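Student: I have a new model open and would like to go through it with you. Could you take my questions one at a time?

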Amino acid sequence: MNAPILNRRKFTKGLGGIVLAFSLGPSELLAQGAPQPQLPGSLNNNRMLDAWIRIASNGSATVFTGKVELGQGILTALSQIAAEELDLPLSRVKMISGDTGQTPNEGQTAGSQSIENSGTALRLAGAEVRAILLELAEKRLGVTPDKMTVNDGMISGPDGRYVSYGLLASTANLKREATAKVPPKLPADYKIVGKSIPRHDIPAKVTGGAAFVQDMRPLGMLHGRVVRPPRYGSTLVSVDDAAVKVTPGVVAVVRDGSFLGVIAEREEIAVGAREALAKNAKWNLGPELPDPDRIFEHLKSLPSRDQVIGVKEGMLLAGGRMFQSTYTRPYTAHASIGPSCALAEFRDGKLSVWTHSQGVFPLRAELAKALKMPAASIHCIHVEGSGCYGHNGADDVALDAALLARATPGKPVRLQWMRDDEFAWEPYGPAMAMQVKAALDPEGRIYNWQYELWSNSHSTRPESTSGTNVLAAWYLAEPQQMGPPTSPPQPAGGGDRNAIPLYDFANQKVTHHFVQDMPIRASALRTLGAYANVFTIESFMDELANAIAADPIAFRLAHLKDARARAVIEKAAAMANWKPGQQGDGSRGRGIGFARYKNLQTYVAVVATVEVDRATGRVRVPQVWAATDAGLVINPDGLTNQIEGGIIQSTSWTLYEEVQFDKSGILSRDWSRYPILTMPDVPKVTVELLNRQNERPLGAGEASQGPTAAAIANAFAHATGKRIRSLPMNAQQVKISLR
Amino acid sequence: MATNLKVNGQTRRTTAKPDTPLLYVLRNDLQLNGAKFGCGLAQCGACTVLLNGKAIRSCQTPISTIGNGEITTIEGIGSLATPHPVQQAFIEEQAAQCGYCTNGMIMAAKDLLDRNLRPSETDVREALAGNLCRCGTHNRIVRAVLRAAKVMGRT
């Protein structure tokens with residue numbers, strides 16, 4: 001949980017920086033009684049100041065974070081927070097991220113939590129480090145810190161004397177626990193936070209700079225490829241590798257049980273050898289996959305652990321009108337543009353892995369188990385890869401690369417998965433079924449809401465459970481097992497993320513049927529269950545509004561007290577020039593979707609328009625408007641980019657995406673069997689940010705996807721009078737619904 | 001057997017086999033990072049380079065088919081110090097998230113703008129239809145290409 005940010009206004013003006021001068025509130029006094037007081041954000045688990053910030057003798061700062069760049073712009077945003085509190089220019093703040101040898105352990109970079117957790121830590125650590133430097137300046141400047149001003153790392157007294165951070169750096173003791181008691185700046189005083197600072201990483205990415213782990217090529221590097229089985233759970237009976245082994249340029253064929261890979265001097269030779277090995281490998285096939293046409297019945301038939309959440313018990317009425325609908329979403333792939341990649345090297349019994357994993361510390365723990373090595377002998381270093389959008393092949397390919405590199409000690413091995421490795425073996429966002437019933441009273445208010453969902457786990461990441469959660473470990477000669485699947489608890493939730501409506505219903509019950517058996521590999525895809533739950537809740541809200549001929553926006557507002565929620569809905573409606581009573585014309589319509597991500601992060605309301613080609617079944621989304629409240633905004637353009645990107649990705653999920661499979665295995669092995677939205681069909685997107693400077697910053701990277709899906713589905717229903725409840729809204733579904 | 005390739009105005013020699021896809025030679029032998037492996041199937045566009053000014057998929061282009069053709073990669077059109085107007089426009093529009101598709105987008109846009117300095121928005125979207133982006137930065141990319149067109153049209 002995030003502790004509130006200390007507010008400087010609580011403290012007497014002029015005391016800024018003198019730790020002992022602050023009075024403690026009751027909760028803080030209570031915390032002090034415990035052996036370790038609770039610290040806000042990621043400070044709690046990484047308590048030393050110098051774990052976060054170090055000041056060099058040239059006056060510049062090195063800032064450490066366990067969160068990693070995934071293309072979401074987090075390192076730029078975090079550098080803004082640190083530079084702001086330190087009163088340093090951005091050019092003198094160097095970021096080091098995601099390195100088991102150097103940075104704090106902040107687990108996974110996931111769940112839209114980096115600004116909240118790492119940002120909070122850096123904000124408070126930055127304020128405290130600045131205060132320590134000002135205290136040290138007291139002797140030299142002869143005045144107390146409240147009389148000092150700081151500009152670009154230069155501390156000045158009222159008489160014009162000054163001293164630099166660099167001069168004080170050697171005497172500043174940052175090897176101490178953070179107290180989190182130095183109040184950070186007031187938002188009104190921000191000079192760097194709140195500005196659209198251009199991303200640090202983009203110039204290299206547009207000029208062919210070395211930007212990705214795929215671009216690493218240390219001296220003597222070899223190239224690896226792996227040969228995966230035809231389907232899950234298959235075992236390798238035999239492989240005739242005689243011809244491959246004598247192919248010029250092939251260094252080694254590596255087999256460990258049913259794990260099979262090849263190392264070569266050149267990449268194309270490794271690719272060719274992979275094909276040759278695949279042709280000459282004999283497999284005992286694993287169990288058949290379920291029938292895709294009955295996948296939801298199948299999932300519902302499996303044993304589940306049922307969790308009842310969000311219960312409200314108020315007055316029940318007799319004789320209300322009851323409504324019921326069932327919705328589904330299919331398996332959805334992360335479908336990164338670049339297949340996963342890692343570089344691994346064994347040297348003197350130690351393993352180094354360069355990886356685009358979302359969590360270098362959890363990955364290290366899995367590698368230690370899979371390779372039976374002490375974690376202390378493994379060094380994982382984050383280097384960017386293609387965008388991941390959750391748990392894709394990043395961790396798996398790191399183990400693959402390590403297994404190959406173990407065969408060639410002293411020689412680094414770079415392994416990039418081929419397209420079909422990524423599509424067929426990544427853990428998908430799981431298929432889900434949702435059923436919702438509601439009752440309306442005579443005034444048209446919802447007085448009873450009963451919601452059920454069926455889903456596999458949305459988190460089979462490294463360290464998300466016991467066991468070994470990396471692919472190749474399950475196929476070794478001594479196979480290791482994945483631990484029993486788990487689901488993150490409420491309020492964040494897993495499959496049940498955003499399953500509890502933010503609306504005010506007198507009676508309410510949400511049942512999460514957490515299905516344990518996983519016929520198809522699944523894990524965290526951006527938003528976890530929120531995408532499907534928001535799609536369902538918001539679709540059903542429109543169904544209910546429609547049943548009583550109410551305007552969808554007025555109907556929502558009538559059930560919603562949260563002022564910030566109301567504000568984004570009203571804003572989105574205004575942006576879209578929403579007119580109550582407007583009718584769809586059979587092929588064109590508009591719809592709204594709203595959610596507060598996890599019910600505790602960013603608020604987003606989306607209005608979308610659709611155009612339906614009734615002959616072809618093709619749906620286009622010409623325009624989307626989104627109003628966003630993410631609290632205090634660190635980098636407006638960065639936030640806008642995340643909201644826009646989420647809308648466009650969700651438009652693609654909603655209109656097209658579905659992992660194809662049959663009993664024999666996964667059929668979506670390239671882009672022809674997994675089409676996504678392309679440039680001509682991308683909607684125009686208009687985003688407005690409701691900047692609330694005095695509210696804490698909220699995670700936003702996953703906030704717009706659910707509302708977008710619902711807005712599109714509602715727009716389709718508005719256009720055609722027919723509702724699609726099974727995603728995706730592809731031509732087949734559209735034609736069925738229009739029949 | 002060695003093959004000579006004209007890359008970014010220089011003749012480069014490689015001993016890779018003739019059927020080797022150009023992409024691997026560019027990335028591994030010539031250490032040019034720009035072109036990316038995305039699918040190996042000419043479906044996604046991440047590996048796009050120019051051959052005699054036309055956008056091609058280097059993952060599906062064996063080096064034996066290139067002959068005397070002039071290959072231009074993203075490194076050949078501009079640099080950090082002197083970016084091409086398209087590269088500059090991508091920076092100004094912050095037209096990326098992860099940036100993995102960016103090479104292909106820029107090279108396909110260069111191909112378009114070399115033929116048509118006054119593209120409509122639809123022209124840009126059509127020209128980039130074969131380049132996949134997963135982060136959802138399409139509209140920023142379109143804005144960047146239109147911005148670059150204006151700049152290039154002035155000079």
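Student: Which hand does the crossing of α9(A) and α10(A) have?

Tutor: The crossing of α9(A) and α10(A) is right-handed; a crossing is called left-handed if the near helix is turned anticlockwise from the far one by less than a right angle, and right-handed if it is turned clockwise. Please keep in mind that this is a predicted model, in which local features need pLDDT of at least 70 and side-chain atom pairs count only at pLDDT 80 or more, while totals for chains, interfaces and linings use all residues. Residues are numbered from 1 along each chain as its sequence is written, and chains are lettered from A and ligands numbered from 1 in the order in which they are written.

Student: OK, and at what angle do helix α9 and helix α10 of chain A pack?

Tutor: Helix α9 of chain A, residues 360–371, and helix α10 of chain A, residues 394–405, pack at about 40° with their axes 10 Å apart. Axes are lines fitted to C-alpha atoms, for helices over the stretch in contact, and angles run from 0 to 180 degrees between N-to-C directions. α9(A) and α10(A) are therefore oblique to each other, since angles under 35 degrees count as roughly parallel, over 145 as roughly antiparallel, 65 to 115 as roughly perpendicular and the rest as oblique. Helices (H or I, at least four residues) and strands (E, at least two) are DSSP runs, numbered from the N terminus.

Student: Which residues of α9(A) and α10(A) meet?

Tutor: From α9(A) come A:L363, A:E366, A:L367, A:A370 and A:L371, and they meet A:D395, A:A398, A:L399 and A:A402 of α10(A). Two residues are in contact if their C-beta atoms, placed from the backbone, lie within 7 Å. By class, this contact of α9(A) with α10(A) has 7 nonpolar, no polar and 2 charged residues, where Ala, Val, Leu, Ile, Met, Phe, Trp, Tyr, Cys and Pro count as nonpolar, Asp, Glu, Lys and Arg as charged, and the others, Gly among them, as polar.

Student: Switching to chain B, how do α3(B) and α6(B) cross?

Tutor: The axes of α3(B) and α6(B) come within 8 Å and cross at roughly 135°, which makes α3(B) oblique to α6(B). The crossing of these two helices, α3(B) and α6(B), is right-handed. In α3(B), B:P85, B:V86, B:A89, B:F90 and B:E92 meet B:A144, B:V145, B:R147, B:A148, B:V151 and B:M152 of α6(B), and the residues of this contact divide into 9 nonpolar, no polar and 2 charged.

Student: What are the domains of chain B?

Tutor: The assignment gives domain 1 (3–77) and domain 2 (85–154) of chain B, with bounds that come from an automatic or database domain assignment. The C-alpha centres of domain 1 and domain 2 of chain B lie 21 Å apart, and their contact takes 15 residues from domain 1 and 13 residues from domain 2. On the domain 1 side, β3 (48–51), β4 (54–57) and α2 of chain B give two or more residues each, and the largest share, 3 residues, comes from β3(B).

Student: And how many residues of chain B are in contact with chain A?

Tutor: There are 48 residues of chain B in contact with 49 residues of chain A. The helices α1 (22–29), α2 (74–77), α3 (85–92), α4 (102–115), α5 (121–127) and α6 (138–154) of chain B each supply at least two residues of the side that touches chain A, and α3(B) gives the most, with 3 residues. That side of chain B has 23 nonpolar, 20 polar and 5 charged residues.

Student: Last topic, the strands: in what order do β4, β5 and β6 of chain A form a sheet?

Tutor: The 3 strands form an open sheet in the order β4-β5-β6 (chain A), with antiparallel pairing; two strands pair if DSSP finds at least two bridges between them. β4 (149–151) and β6 (162–164) of chain A stand at the edges with a single partner strand each, so one side of each is left without a neighbour in the sheet. Neighbouring strands of this sheet are turned by 25° against each other on average, direction ignored.

Student: Which helix packs on that sheet of chain A?

Tutor: Helix α3 of chain A, residues 114–141, packs on the sheet and touches β4, β5 and β6 of chain A, and its direction makes about 50° with that of β5(A).
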